[in-house]
Amino acid sequence: MAPRTNHQQPRADFNILIVGQNGRLMYEAIVFVASLRAKSPKFSGRLILAEPQAGALWRKDPTINSPEVRTLLMNLGAEIIPFENKHFGQAYPYGNKIEALGILPAGEPFVFFDTDTLITGELTDVPFDFNVPSASTRVTGTWPKEDLYWPGYAATWKSLYDKFGLDYDSSLDLNEPAEFWRRHLYFNAGFFYYKCPKIFGERFLEYALAIRDDRPDELVLQELDPWLDQVALPLVIHSLGGKRDALPNGFLDGKTSCHYRLLPLLYARESDHLVETLETVTAPNKIKKVLKEYEPMLRMIYQGRGQKARALFNQNDLPRREQAIRNTLKREGFWMR
C-alpha cells in the first residue's frame with residue numbers, strides 16, 4: 001500500500017456541525033451524538049448543534065422544547081448554539097444547514113452532517129483534505145428532472161456555471177456519457193466539509209439565494225424545493241477547488257458513517273453492523289428513556305418493529321429502486337417517520 005501524502009493525513013482538529021430543532025431532528029441528533037461518542041472516541045473537536053430560533057420566518061417555534069432532550073445532548077458533549085434564520089426558515093428548512101454555518105468559528109475545518117446519520121467508525125481515521133472540499137456521492141439523479149420541453153442536462157447545468165462565472169467543462173466526468181446525470185457534479189448534502197465555514201457558508205448562501213431569486217431561463221421547468229441546497233452545493237464545491245473524488249471511497253457513507261435518512265430504510269437495507277450499532281448506542285437507559293418519547297423510535301428500535309421490517313427483505317438482493325422498498329414497508333405497516 002502506498003504511503004499517504006502529507007495532505008491525506010487524518011486530522012482530529014476539526015469541528016462537527018449538525019442542526020437540531022423541535023420534533024424528529026432532536027431525537028435523530030441524540031442518536032447521532034451517541035454513535036459519535038461510542039464509535040469515534042478519538043474525536044476531540046467541538047460538536048456543535050445549531051438550533052434555529054423562533055422568528056418571523058417560522059410559523060411555530062423550532063427550538064428544542066424538551067428539557068430532557070437538551071440535557072441529554074449536553075451531557076453527551078454537544079454544544080447547543082442558537083442561530084437566526086434571515087433567509088429561509090419554515091418555507092425551506094433545508095436552508096438551515098446553509099445559515100447555520102455562520103455560527104462556526106472562521107478558519108477552523110468543519111464537517112457538516114445531517115442528523116439522520118449514524119457514525120459507525122473512528123472519524124479521525126478519515127483522510128480529510130480540508131483544502132479540497134467535497135460532499136456525499138451516495139446520491140441518485142434527483143435533479144434536474146427530465147421533461148419533454150427541457151433543454152437537457154448539459155444546458156441546464158451549464159447555465160448555472162455560467163451564472164456564477166465558473167468553468168463548466170472542468171466539472172464534468174468524461175467517463176460518463178453525454179446527457180447522463182452522473183456526468184455532472186452532483187452531491188447529496190448529507191455531509192460536506194471544508195477548511196473554513198465562513199468562506200463556504202457565505203458562498204453557499206450567495207449561490208442558493210441567487211438561484212432561488214433569479215434562476216436562469218434553462219431552469220424555468222425545474223422545481224427547486226426541496227433540491228435547492230443540492231443544486232447550489234456542487235457549484236460551491238467546484239468554485240472552491242473541490243471535486244467528487246476528493247475523499248477516498250469507503251469512509252463516509254461507508255465504514256465510518258451512514259446517512260440512513262429514515263429508520264424504516266435503515267432496517268430494510270443497511271448492513272447488520274449498522275443495525276447493531278444503532279441498537280447498541282440507543283440501549284443505555286439514559287438514552288432509551290428519552291428516545292422512547294418519539295414514537296417511530298419506540299416502535300422501530302425498542303418494540304422490535306424494525307427487525308420485523310428487516311425480515312421482509314434480503315439485504316444481499318434488494319430491489320433496485322428505493323420506491324419499491326418504500327412501497328413494501330408502507331404496505332406492511334412499517335413506514336414511520
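Residues are numbered from 1 along each chain as its sequence is written. In this predicted model, local features need pLDDT of at least 70, side-chain atom pairs count only at pLDDT 80 or more, and totals for chains, interfaces and linings use all residues, while side-chain values use heavy atoms, leaving out hydrogens and water.

Student: What is the omega of the cis peptide bond that joins Trp143 and Pro144?
Tutor: Pro144 sits in the loop between strand 6 (134-136) and helix 4 (153-163); helices (H or I, at least four residues) and strands (E, at least two) are DSSP runs, numbered from the N terminus. Most peptide bonds are trans. The bond between Trp143 and Pro144 is cis, and its omega is about -5°.

Student: Which peptide bond is cis with omega near 15°?
Tutor: Look in the loop between helix 5 (197-213) and helix 6 (228-239), where Pro226 is placed. The cis bond with omega near 15° runs from Asp225 to Pro226.

Student: What is the phi of Asp253?
Tutor: Most residues other than glycine have a negative phi. Asp253 is in helix 7 (residues 251-255). Asp253 is partly exposed, at 23% relative accessible area; buried means under 20%, exposed over 50%, and partly exposed in between (1.4 Å probe, protein chains only). Its phi is positive, near 55°.

Student: Is Glu179 buried, partly exposed or exposed?
Tutor: Glu179 lies in the loop between helix 4 and strand 7 (188-194). Its phi is positive, near 60°. Its relative accessible area is 41%, so Glu179 is partly exposed.

Student: Which side chain makes a polar contact of 3.0 Å with His259?
Tutor: His259 is in strand 8 (residues 257-259), and it is buried, at 10% relative accessible area. A polar contact is a pair of N or O atoms within 3.5 Å; within protein, one must be able to donate a hydrogen and the other to accept it, and residues adjacent in sequence count only if both atoms are side-chain atoms. The 3.0 Å partner is Asp116.

Student: How far apart in space are Gly77 and Phe128?
Tutor: Gly77 lies in the loop between helix 2 (67-75) and strand 3 (78-83). Leaving aside neighbours within four places in sequence, Gly77 is in contact (heavy atoms within 4.5 Å) with Arg37 and Leu47. Gly77 and Phe128 are 51 residues apart in sequence, and their C-alpha to C-alpha distance is 23 Å.

Student: Is Val220 buried or exposed?
Tutor: Val220 is found in the loop between helix 5 and helix 6. Its relative accessible area is 62%, so Val220 is exposed.
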